[in-house]
Amino acid sequence: MITIAISVLFLAAFLVLVLKKDMIAISAIVFSFFFLIFIYLAPETMVFAFSGWNPPFGIVWVLDGLGLFMALLITGIMSLTAIYSVKYIKKRKHRYYTLLCLLTIGLLGISLTGDIFNMYVFFELMSVSSYALVAFLLNKESTEAAFKYLVVGSLSSSFLLLGIAMLYGLAGTLNMADLATKVYGGPAFLVVLGLILGGLSLKSAIVPFHFWLPDVHPAAPSPVSALLSSVIVGSGVYMMIRVIFTVFGIVSVFWMLILLGLVTMILGGLMALIQKDAKRLIAYSTVSQIGYIFVAIGIGTSLGVTAGLFHLLNNILLKSLLFMSFGIVLWHTGTRDMNRLGGIGKQMPWVAFCFGVGALGTAGVPPLNGFASKWLIYMATWQVSPVITAIAIIVSAITMAYYIKVFSCIFMGHSNIKIVNKTPKMMLIPVIIITIMCIVIGIFPQIGIMFVEPATNALLNQSQYINAVLGGSVI
Amino acid sequence: MDVIVRTMIKGIFPFILLFGVYTIMHGHLTPGGSFPGGTMIVVGLTLVALAFGLKKAERIIKEETAHILEGIMAFFLIFIVLFETFFRSILAPTGMIFNLWSAQQILLLNIFGGIMVTMALTMIVFLLMKE
Amino acid sequence: MIELYLTSGLMMMLAVYCIAMKPNLIKKIIGLAIFTDAIHLLLITIGFRGNGIPPIMTHENVNTFAQLSVDPVPQALVLTSIVISISITALALGISIIAYRHFNTLNTEEMNRLKG
């Protein structure tokens with residue numbers, strides 16, 4: 001059944017190039033979103049086996065709580081971005097929409113598959129289309145950034161492939177549930193885990209591998225930056241926690257996650273303070289927020305994982321909101337330099353309001369969604385060590401500092417920039433939808449927790465996942 | 001290119017095509033399949049393009065045609081995946097050595113996939129040669 | 001067998017050296033291709049079995065068949081991975097063509113100097 005959503009996206013990717021109508025791609029992505037809502041409402045875990053081969057042999061797709069959580073988020077953000085890009089992208093629009101459809105397929109496949117090599121294939125599909133999307137403007141800056149991203153990215157995915165090859169040599173299977181029964185904590189498996197996590201940590205921008213993110217974001221078009229910073233980084237995080245919790249089930253790497261998360265958090269925050277380019281600043285802020293997610297997940301308790309996934313959800317919403325609303329400013333003024341911008345808050349109050357919600361939400365100011373998840377993170381870290389909580393609160397203050405700086409530089413003060421055109425409605429509507437979602441989740445955090453809870457249960461119950469896949473109830 | 005190379009390629013080109021088609025068709029029985037076979041056909045086309053120029057190679061297949069054909073083949077592949085139970089019922093369920101009509105729908109997947117690979121690689125080669 | 005593992009390890013080291021140290025864009029792309037090929041060699045070596053039957057499923061029983069035959073999975077993995085590697089190489093070559101148009105050079109050090 002899930003093949004229908006993928007087939008529609010594949011067909012749209014081809015037809016939009018031939019028929020040259022953007023509506024095909026947009027409606028295909030929105031269709032996949034509603035289709036996934038329909039699947040999400042079904043009660044139990046569904047396992048879909050391709051070509052009638054049952055789990056240990058064939059490729060399976062597992063639609064459990066965590067996978068559907070990611071898939072819904074991905075298709076939701078993708079459909080909003082697709083609507084946003086109608087007016088933003090001017091040249092070679094049809095190629096852009098083809099790449100967007102392929103990116104959606106890659107991300108959906110990553111979050112729903114139950115086979116580790118299949119995950120690698122979709123990971124590469126996502127990577128190739130994101131390299132092409134980064135290079136989409138084809139000017140000097142974006143060509144250089146895309147080549148850098150391509151070389152580093154394909155080197156890291158080669159390490160992932162090496163890890164998978166060694167895993168197959170050791171365990172003799174590729175199915176994730178079957179692997180979970182065969183993996184034990186020997187040194188050979190730790191080497192494999194190291195290779196796989198090393199390959200994946202580049203996409204999820206943990207500190208030694210975060211350097212591509214601030215270079216790539218300014219070079220890409222704004223909707224692509226929104227995607228890179230929210231769903232692509234998010235799917236990197238998803239793959240890491242899927243491999244650690246579901247496949248390996250090893251508890252001893254958690255202290256490493258906390259340590260890396262703390263370093264990521266502090267370094268991202270400090271680097272963001274000194275940036276002049278607004279997009280670079282928001283990119284470093286993404287690095288910092290990813291650190292929060294890893295600290296929370298590294299605690300490993302039910303509360304910690306809930307907090308981490310809730311923060312992942314909020315980060316995806318807030319970062320796409322920030323990049324999209326800054327994209328409107330960029331579309332009008334054409335500059336990313338914060339010293340040259342200024343005083344446009346009065347000329348477009350709605351954009352200023354939306355950007356403000358994103359900025360304050362990321363900093364964790366009470367009535368917004370960032371506060372709810374950060375509060376959960378503080379509570380979860382307090383149980384382990386108050387030092388981590390103190391560091392998290394200090395970094396939160398740093399976040400506040402640089403967002404006040406970027407907000408006042410862009411929207412307040414005086415300058416001679418005049419906004420001539422009206423902001424198109426197609427660009428404003430997705431931004432306002434995400435703003436409303438941020439405020440609603442901030443006021444009623446139960447909605448967010450309700451959405452995250454099945455994902456937490458799916459992540460922590462390894463045996464339930466194994467039973468669902470190998471137990472025999474395959475569609 | 002000089003006359004020796006041209007004559008050689010003129011002679012060898014049909015055999016390269018034949019071997020490529022054979023590799024595609026027998027993917028479920030012998031080593032090979034859609035991707036290696038498609039690559040062989042494209043190697044033949046590339047040889048023609050190198051020896052006689054891109055115009056001559058484009059007389060065999062144009063880039064736009066390749067693009068359209070690739071999409072149609074992708075459509076067929078999706079069709080086979082969606083209606084796999086039907087295709088499984090009309091073909092033999094297990095593989096039989098030396099029997100082309102066996103091994104479920106793998107033969108159909110190989111043929112459509114082979115044409116798709118050929119077209120995609122042709123597009124890549126032609127686009128890079130034009131630059 | 002052991003010499004194949006060693007060869008693939010050596011190829012990986014050479015490829016990482018090539019990607020990290022050579023300033024030319026085309027050489028970096030070649031390095032990436034060599035790295036993927038080394039992993040393919042490793043995968044094929046893992047799947048090797050001395051005297052197995054060809055992996056054509058003539059039996060109905062999957063389990064007895066799986067014990068007798070050569071492992072076909074690594075070869076399928078390698079084919080998939082080759083396709084991915086081709087698409088990445090094509091994209092990288094395309095990007096380097098555009099980079100050459102912008103900078104008139106393929107040397108990354110000179111590109112940095114041009115950018116100022």
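**Notes on the predicted model**

1. A:Arg242 and A:Asp64 make a salt bridge, with their closest N and O atoms 2.9 Å apart; the term stands for a side-chain nitrogen of Lys or Arg within 4 Å of a carboxyl oxygen of Asp or Glu. A:Arg242 belongs to helix 10 (residues 222–248) of chain A and A:Asp64 to the loop between strand 2 (60–63) and helix 3 (65–88) of chain A, so the pair ties together parts 178 residues apart in sequence. Both A:Arg242 and A:Asp64 are buried. Buried is used for under 20% relative accessible area, exposed for over 50% and partly exposed for in between (1.4 Å probe, protein chains only). Helices (H or I, at least four residues) and strands (E, at least two) are DSSP runs, numbered from the N terminus.

2. Before going further, the ground rules: this is a predicted model, where local features need pLDDT of at least 70 and side-chain atom pairs count only at pLDDT 80 or more, while totals for chains, interfaces and linings use all residues. Residues are numbered from 1 along each chain as its sequence is written, chains are lettered from A and ligands numbered from 1 in the order in which they are written, and side-chain values use heavy atoms, with hydrogens and water left out.

3. Over all chains, the structure holds nine salt bridges. One of them joins A:Asp22 to A:Lys93, with 3.4 Å between the closest N and O atoms. This pair links distant parts of the chain, with A:Asp22 in helix 2 (residues 22–40) and A:Lys93 in helix 4 (residues 93–112) of chain A, 71 residues apart. A:Asp22 is buried, at 15% relative accessible area.

4. A:Asp215 and A:Arg280 form another salt bridge, at 3.2 Å between the closest N and O atoms. Helix 9 (residues 212–219) of chain A holds A:Asp215 and helix 12 (residues 278–299) of chain A holds A:Arg280, so parts 65 residues apart in sequence are tied together. A:Asp215 counts as partly exposed at 24% relative accessibility, and A:Arg280 counts as partly exposed at 24%. Salt bridges with shared partners also join A:Glu141, A:Asp277 and A:Arg336 into one network.

5. Where does A:Asn315 sit? A:Asn315 is in helix 13 (residues 302–333) of chain A and is buried, with a relative accessible area of 4%. Beyond its neighbours within four places in sequence, A:Asn315 is in contact (heavy atoms within 4.5 Å) with A:Gln289, A:Ile290 and A:Ile293.

6. Do look at strand 1 (residues 46–49) of chain A: A:Met46 and A:Phe48 point one way, A:Val47 and A:Ala49 the other, and all are buried. Strand 1 pairs with strand 2 of chain A in the antiparallel sense over four bridges, where pairing requires at least two DSSP bridges between the strands. A:Val47 has A:Val62 as its bridge partner in strand 2 of chain A.

7. Helix 19 (residues 462–470) of chain A has A:Tyr465, A:Ile466, A:Ala468 and A:Val469 as its buried residues. The face turned away from the buried side of helix 19 carries the exposed residues A:Ser463 and A:Asn467. The buried residues of helix 19 pack against strand 1, strand 2, helix 7 (176–182) and helix 10 of chain A.

8. Finally, A:Phe38, in helix 2 of chain A, counts as exposed at 55% relative accessibility.
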